[in-house]
Each structure stands twice: as C-alpha cells, then as structure tokens.
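Hi,

Here is the structure I promised to send over. Have a look at it first, and my notes on what turned up follow below.

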Amino acid sequence: MRKALIVWGGWDGHEPEQVAGVFAELLREEQFEVEVSNTLEAFADADKLLGLDLIVPVWTMGEISQQFVDNVSTAVQNGTGLAGCHGGMCDSFRKNTDWQFMTGGQWVAHPGNDGVNYAIQFPQSSSPLVAGMEDFNVSSEQYYLHVDPAVEVLATTRFPVVDGPHSLNKAVDMPVAWTKRWGLGRVYYNSLGHHADIVEQPQVKEMMRRGLLWAAEGKQNAALSQTDVAKIGNSYSGMADSQ
C-alpha cells in the first residue's frame, strides 16, 4: 500500500484536526496506509519520510526546527509528494523561507476576512488535475499570496473583491491552486480550506483528491528519473549561509 503522513496542529481557527480527518478519509478510500500525527516530531525520522509516498501538512502559524524542514525537503527532493491547502501548508511557518520556497507560496492577506463571496476560475490548462472542472463560487477567506513564478497555475481568483489599500491597483488574477516540482518530488497546493466545511465542499474536495493523488504518484515516477539526482544533490537549504 502507498503510505501517507498527515501532520496537523498550529492555530485551531483553521480546524486542523477536522481537516486532517477529511484528508485521511480521502486517502484511505484510495487505499493508502495513513498515519495521522499532531506533533511536528513526526518529521524527525528522515529515513521514514524518505519511505513515504505523500506528506500532507495541516499546520498553521507555527515554528519548526530547521532540521525538520530539511528532513521534509530531502524526502520531497527524492520523490515523496507534498500536498496541502490554505494556511495549513502555505502559512505554516512564517519564519522559514526554505518551507516557503518548497511549497511555492506564502499567505500575506485575506482582504475582507472570512465570508467573502468570490469566484474560482479554471484557466485553460492541459493538466488532468482540472479536466472537467467548472468555475464555481465560494464564501470564505480569499487568499492573497506571494507566489513562486515557477508554479503551474491550475485555478485563479480575481482581486479586488472588497475595498482596501490593494484595490487601487489594477485587477489581478491570483493563483488558487498550483503544482510545482521540488527535486524529484511533486508539490500541490490549494488556497481554499479555511474550515473543514470548505474542504468538504464538493468542488474543493475533488480538487484536493486529485492533488493528493497526483503528488503521491510522483514517488513511482521518481524511480525512473534517478539520472536527475546528481543535479539536485542529497539535500538543500537556501538558508545555510545564515544558520
């Protein structure tokens, strides 16, 4: 069986335990062996992480040791998938830029806070992750993120919807869901998911199901791409000069 690790915690306002439960159910339905942990110590065993098909962080506004980030990063670089949503993945550790580089973005604002009604749109894409998906609306936090320009954008939302200092700028399409590569590993992110009921919304749940599976499938493909390992190295930390 494919193996997945879900690690939840941090700010309770994002209902991390409940969201982790939704993801665990999704993965078990897809025949994964799922471990669910509520401690960052789950990232302490580097060899164990290397043996996983998928890591799912559900942790907001926390602090993490550099060693744990390095362990996750090394596992992903060697083919383990990384997938998550909302603040549980791209607002996990604000002080750690290595985490932000790996995940592809960092939350900076949600103008209007919770309850903003906004559109999710799927720009033309050849990715099977969005095949057949239709535009929909959601009432939740609309995430404004600083995003890695290397990501492949799967879904977007238009800003501004509510007034604020940002609204005098031109309208912009902000990525909502994306993929990227981190070494041999696949990374998937979806900014939706403020509460568990948003994750349970059918369109969001289907997006997450596809993203989780896609990220996990990278482990098998990585075994066919070992010639690239020399380009990647065994581990990476962009903060090495300041540690």
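A119 stands opposite N137 in β7, and that pair belongs to the five bridges joining β6 to β7, two strands that run antiparallel. By "pair" I mean that DSSP finds at least two bridges between two strands. Strands (E, at least two residues) and helices (H or I, at least four residues) are DSSP runs, numbered from the N terminus. Strand β7 itself (residues 136-140) has two faces: F136, V138 and S140 are covered, while N137 and S139 are uncovered. As background, side chains in a regular strand alternate between the two faces of the sheet.

Before you go further, a word on what you are holding: this is a predicted model, where local features need pLDDT of at least 70, side-chain atom pairs count only at pLDDT 80 or more, and totals for chains, interfaces and linings use all residues. Residues are numbered from 1 along each chain as its sequence is written, and side-chain values use heavy atoms, with hydrogens and water left out.

Seven strands make up an open sheet with mixed pairing, in the order β2-β1-β3-β4-β11-β10-β9. Its edge strands, each pairing on one side only, are β2 (32-37) and β9 (152-159). On average, neighbouring strands here are turned by 20° against each other, direction ignored. For angles like this, axes are lines fitted to C-alpha atoms (for helices over the stretch in contact), and angles run from 0 to 180 degrees between N-to-C directions.

Going through some of the strand pairs:

- β1 (residues 2-10) and β3 (residues 54-60) run parallel and are joined by seven bridges; G10 stands opposite T60 in β3.
- β9 and β10 run antiparallel, with seven bridges between them; T157 stands opposite M174 in β10.
- β10 and β11 (residues 185-190) are also antiparallel, joined by six bridges; T179 has Y188 in β11 as its bridge partner.

β10 and β11 form a hairpin with two residues between them, and G183 in the turn has a positive phi of about 65°. How many of the eleven residues of β10 are buried? Eight are, so β10 is largely enclosed by the rest of the structure. Here buried means under 20% relative accessible area, exposed over 50%, and partly exposed in between (1.4 Å probe, protein chains only).

Helix α1 (residues 16-29) lies across β1, β2, β3 and β4 (81-85), and runs at about 170° to β1.

Next, the holes. There are three cavities of 30 Å³ or more. A cavity is a set of points on a 1 Å grid over the protein atoms alone where a 1.4 Å probe fits but cannot get out, and lining residues have an atom within 4 Å of a point. Grid points are joined across faces, edges and corners, and the volume is the space filled by probe spheres set on the points.

The largest cavity has a volume of about 80 Å³. Of the 14 residues lining it, H14, V58, T60, C85 and G88 are the closest to its centre. Two or more lining residues come from each of α1, β3 and α4 (86-90), with β3 giving the largest share, four residues. The lining splits into seven nonpolar, seven polar and no charged residues. In this count, Ala, Val, Leu, Ile, Met, Phe, Trp, Tyr, Cys and Pro are nonpolar, Asp, Glu, Lys and Arg are charged, and the others, Gly among them, are polar.

The second largest cavity holds about 50 Å³ of space and is lined by Y144, F159, P160, H166, N169, K170 and V172. That makes four nonpolar, two polar and one charged. Two of those residues come up again in the backbone: the peptide bond from F159 to P160 is cis, with omega near 0°. P160 lies in the loop between β9 and β10 (172-182).

Most residues other than glycine have a negative phi, and most peptide bonds are trans. M61, not a glycine, has a positive phi of about 55°. M61 sits in the loop between β3 and α3 (66-77) and is partly exposed, at 38% relative accessibility. N113 also has a positive phi, near 60°. N113 is in the loop between β5 (105-109) and β6 (116-120), and is partly exposed with a relative accessible area of 46%.

Cheers

Key. Contact means heavy atoms within 4.5 Å. On a 1 Å grid over the protein atoms alone, a cavity is a set of points where a 1.4 Å probe fits but cannot get out, and a pocket is an open set with protein on both sides within 12 Å along at least five of seven lines; lining residues have an atom within 4 Å of a point.
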